[in-house]
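Look at the sequence and the model first, then read on.

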Amino acid sequence: MAKQITDANVADLMAEGKPVIMDFWATWCGPCQMIGPMIDELAEEFDGKIIIGKVNVDENSDLPSQYGVRNIPTILFFKGGELVNKLVGAQSKAKLQEEAQKLLD
């Protein structure tokens with residue numbers, strides 16, 4: 001299951017030193033609901049290797065502002081604390097797996 005990432009806990013998660021994937025979503029967003037289960041599956045698949053979590057944009061305003069998230073779903077990929085990739089819109093599970101694997105290479 002993907003972690004709940006919030007304005008309050010993001011610094012601690014980043015400090016763990018693992019790659020991080022953040023899915024920016026909202027309950028009212030249809031495409032977000034579509035990829036939500038794939039994000040959870042990815043979290044199981046890469047458990048212990050990559051921190052994978054969801055950021056509810058209705059409950060957290062700092063993170064979307066900080067990373068310029070204007071549309072959802074937006075998925076951000078971090079390696080070494082640096083933003084290395086950004087995907088906007090619904091994605092296939094294969095694409096998400098490919099981008100996650102790049103974080104480990």
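## Helix α2 and its cover

The buried residues of α2 are covered by parts that include β2, β3, β4 and α4. Helices (H or I, at least four residues) and strands (E, at least two) are DSSP runs, numbered from the N terminus. The model is predicted: local features need pLDDT of at least 70, side-chain atom pairs count only at pLDDT 80 or more, and totals for chains, interfaces and linings use all residues. Residues are numbered from 1 along each chain as its sequence is written, and side-chain values use heavy atoms, with hydrogens and water left out.

Which residues of α2 are buried? They are Cys32, Ile35, Gly36, Met38, Ile39, Asp40, Leu42 and Ala43. Buried means under 20% relative accessible area, exposed means over 50%, and partly exposed lies in between (1.4 Å probe, protein chains only).

Helix α2 has 16 residues. From its first C-alpha to its last, α2 reaches 24 Å, close to the 22 Å expected at 1.5 Å a residue. The expected span is 1.5 Å times one less than the number of residues. Helix α2 has a kink of about 30 degrees at Gly36, shortly before the proline Pro37. The bend at a residue is the angle between axes fitted to the seven residues ending there and the seven starting there.

## The sheet

Five strands form an open sheet with mixed pairing, in the order β1-β3-β2-β4-β5. Two strands pair if DSSP finds at least two bridges between them. The edge strands are β1 (3–4) and β5 (82–88), and each pairs on one side only. Strands of a sheet pair through backbone hydrogen bonds, either parallel or antiparallel.

Take the parallel pair β2 and β3. Strand β2 (residues 20–25) meets strand β3 (residues 51–56) over six bridges. Val20 has Ile51 in β3 as its bridge partner.

Now the antiparallel pairs. Five bridges join β2 to β4. Here Asp23 is partnered by Ile75 in β4. Six bridges join β4 to β5, and Lys79 stands opposite Glu82 in β5. Strands β4 and β5 form a hairpin with two residues between them. Gly80, in the turn, has a positive phi of about 60 degrees. Strand β4 is mostly covered, with five of its six residues buried.

## Helices across the sheet

Helix α2 lies across β2, β3 and β4 (74–79) and runs at about 155 degrees to β3. Helix α4 lies across β2, β4 and β5 and runs at about 20 degrees to β4. Axes are lines fitted to C-alpha atoms, for helices over the stretch in contact, and angles run from 0 to 180 degrees between N-to-C directions. Contact means heavy atoms within 4.5 Å.

Gln97 is in helix α4. Gln97 touches Leu42, Glu45 and Phe46, not counting residues up to four places away in sequence. Gln97 and Ile39 are 58 residues apart in sequence, yet 9.6 Å apart in space, C-alpha to C-alpha. Gln97 is partly exposed, with a relative accessible area of 25%.

## Salt bridges

How many salt bridges does a search of the whole structure find? It finds five. A salt bridge is a side-chain nitrogen of Lys or Arg within 4 Å of a carboxyl oxygen of Asp or Glu.

| Pair | Distance |
|---|---|
| Glu41 and Lys93 | 2.6 Å |
| Lys95 and Glu99 | 2.9 Å |
| Lys102 and Glu99 | 3.2 Å |

Why does the pair Glu41 and Lys93 tie together parts that are 52 residues apart in sequence? Glu41 lies in helix α2 (residues 30–45) and Lys93 in helix α4 (residues 93–104), so the pair links those parts. Glu41 is partly exposed at 38%, and Lys93 is partly exposed at 27%.

The other two pairs share Glu99. Lys95 and Glu99 are four residues apart in α4, about one helical turn. Lys102 and Glu99 are three residues apart in α4, also about one turn. An α-helix has 3.6 residues a turn, so residues three or four places apart point the same way. Salt bridges link Lys95, Glu98, Glu99 and Lys102 in a network.

Is Glu99 buried or exposed? Glu99 is buried, with a relative accessible area of 5%. Glu99 touches Phe77, Asn85 and Leu87, not counting residues up to four places away in sequence.
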